[in-house]
Amino acid sequence: MALTRRSTIRDVAARVSQALSDAGITAVLTGGGAVSVYSTNRYRSYDIDFVTAASRRELAAVMSTLEFRPAAGRHFEHPATPLVVEFVAWPVTVGDEVVSKWSRMPTPAGTLQILTPIQCVKDRLAAFYHWRDAQSLEQALLVAGAHRVSMVELKRWSGVEGHLDDFAEFQRRQQKMRANR
C-alpha cells in the first residue's frame with residue numbers, strides 16, 4: 001500500500017509501525033496520533049509520535065524504505081503526505097507511570113503498536129495536568145467518550161499524579177457530554 005495524500009493517520013502509522021517491527025524495532029504510537037486513531041479522526045493530528053529506543057541512524061534506515069526523509073531532530077517527512085513522523089525517547093510513559101504493555105491493532109496497512117484507550121486518556125490528561133493544555137483535556141474526553149475506560153483506574157492514577165482536583169473537572173466534563181447526547 002503506497003502512501004498518498006489521502007492516507008489516513010492510522011494507515012501511515014500502521015505502515016511505519018509494521019516496518020519498524022519487521023526490522024526488530026519497537027515503537028509505540030502516543031500523543032495526538034493515538035487520539036486521532038481512537039476518535040476516528042474527530043481530532044486530527046498532523047504529527048505521528050512514536051516512542052522508541054532506536055537510534056536516529058536505525059530509524060532513518062527503516063524510514064527510507066517507506067520513502068520518508070529525515071527532517072529536523074527526530075522528525076521524518078514523506079513527499080506524498082502532510083503527516084510528519086516524530087520519534088520520542090524511550091520509555092513509554094503516561095505521566096510518571098511507565099507503560100510496559102500496549103495494544104497491537106491489526107489494520108490493512110500492518111499492525112499498529114499503540115497505547116490502549118485508557119493509556120491514551122492518561123497521556124492526554126497528563127498533558128492537561130502538568131502543562132495546563134486545554135486541548136489535551138478535549139482529546140482525553142473524545143477518547144473516553146468513544147471507548148470504555150475505567151474511571152476507578154483514572155482516579156487512582158490521577159491521585160498518584162497529584163491531580164485529583166483536575167480529575168474531578170475531567171469527570172464533570174465527561175458527565176456533561178453524556179447528558180448532551
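Analyst: Pro117, Cys120, Val121, Arg124, Leu125, Ala127 and Phe128 in α4 are in contact with Ala134, Ser136, Leu137, Gln139, Ala140, Val143 and Ala144 in α5, where contact means heavy atoms within 4.5 Å. By class, this contact of α4 with α5 has eleven nonpolar, two polar and one charged residues; Ala, Val, Leu, Ile, Met, Phe, Trp, Tyr, Cys and Pro count as nonpolar, Asp, Glu, Lys and Arg as charged, and the others, Gly among them, as polar. The model is predicted: local features need pLDDT of at least 70 and side-chain atom pairs count only at pLDDT 80 or more, while totals for chains, interfaces and linings use all residues. Residues are numbered from 1 along each chain as its sequence is written, and side-chain values use heavy atoms, with hydrogens and water left out.

Helices (H or I, at least four residues) and strands (E, at least two) are DSSP runs, numbered from the N terminus. Two packed helices are described by the angle between their axes and the distance between the axes. The axes are lines fitted to C-alpha atoms, for helices over the stretch in contact, and the angles run from 0 to 180 degrees between N-to-C directions. For α4 and α5, the axes come within 7 Å and cross at roughly 160°. That makes α4 roughly antiparallel to α5, since angles under 35 degrees count as roughly parallel, over 145 as roughly antiparallel, 65 to 115 as roughly perpendicular and the rest as oblique. The crossing of α4 and α5 is left-handed; a crossing is left-handed if the near helix is turned anticlockwise from the far one by less than a right angle, and right-handed if clockwise.

Between α4 (117–131) and α5 (134–146) runs a loop that holds Arg132. Arg132 has a positive phi, near 60°, in a residue other than glycine. Most residues other than glycine have a negative phi, and most peptide bonds are trans. At 47% relative accessibility, Arg132 counts as partly exposed; buried means under 20% relative accessible area, exposed over 50%, and partly exposed in between (1.4 Å probe, protein chains only).

Helix α4 also packs against α7. The axes of α4 and α7 come within 11 Å and cross at roughly 120°. That makes α4 oblique to α7, and the crossing is right-handed. On the α4 side, Val121, Leu125, Phe128 and Tyr129 meet Asp166, Phe167, Glu169 and Phe170 of α7. The contact of α4 with α7 comprises six nonpolar, no polar and two charged residues.

Helix α7 (residues 164–179) has a further partner in helix α6 (residues 151–161), and the axes of the two come within 8 Å and cross at roughly 150°. Helices α6 and α7 are therefore roughly antiparallel to each other, and their crossing is right-handed. Met151, Leu154, Lys155, Ser158 and Gly159 in α6 meet Leu164, Phe167, Phe170, Gln171 and Gln174 in α7. The residues of this contact of α6 with α7 divide into five nonpolar, four polar and one charged. In the loop between α6 and α7 lies Gly162, which counts as exposed at 59% relative accessibility. Gly162 and Arg56 are 106 residues apart in sequence, and their C-alpha atoms are 35 Å apart in space.

Which residues does Phe170 contact, leaving aside its neighbours within four places in sequence? They are Val121, Leu125, Leu137, Ala140, Leu141, Ala144, Met151 and Leu154. Phe170, Val16 and Phe50 are the residues with the most contacts inside the largest nonpolar core, which has 57 residues. A nonpolar core is a set of buried Ala, Val, Leu, Ile, Met, Phe, Trp, Tyr and Cys residues joined through side-chain atoms within 4.5 Å. In soluble globular proteins, nonpolar side chains tend to be buried together.

Just after α2, Thr40 takes a positive phi of about 50°. Asn41, in the loop between α2 and β2 (47–52), has a positive phi near 65° and is partly exposed, with a relative accessible area of 26%.
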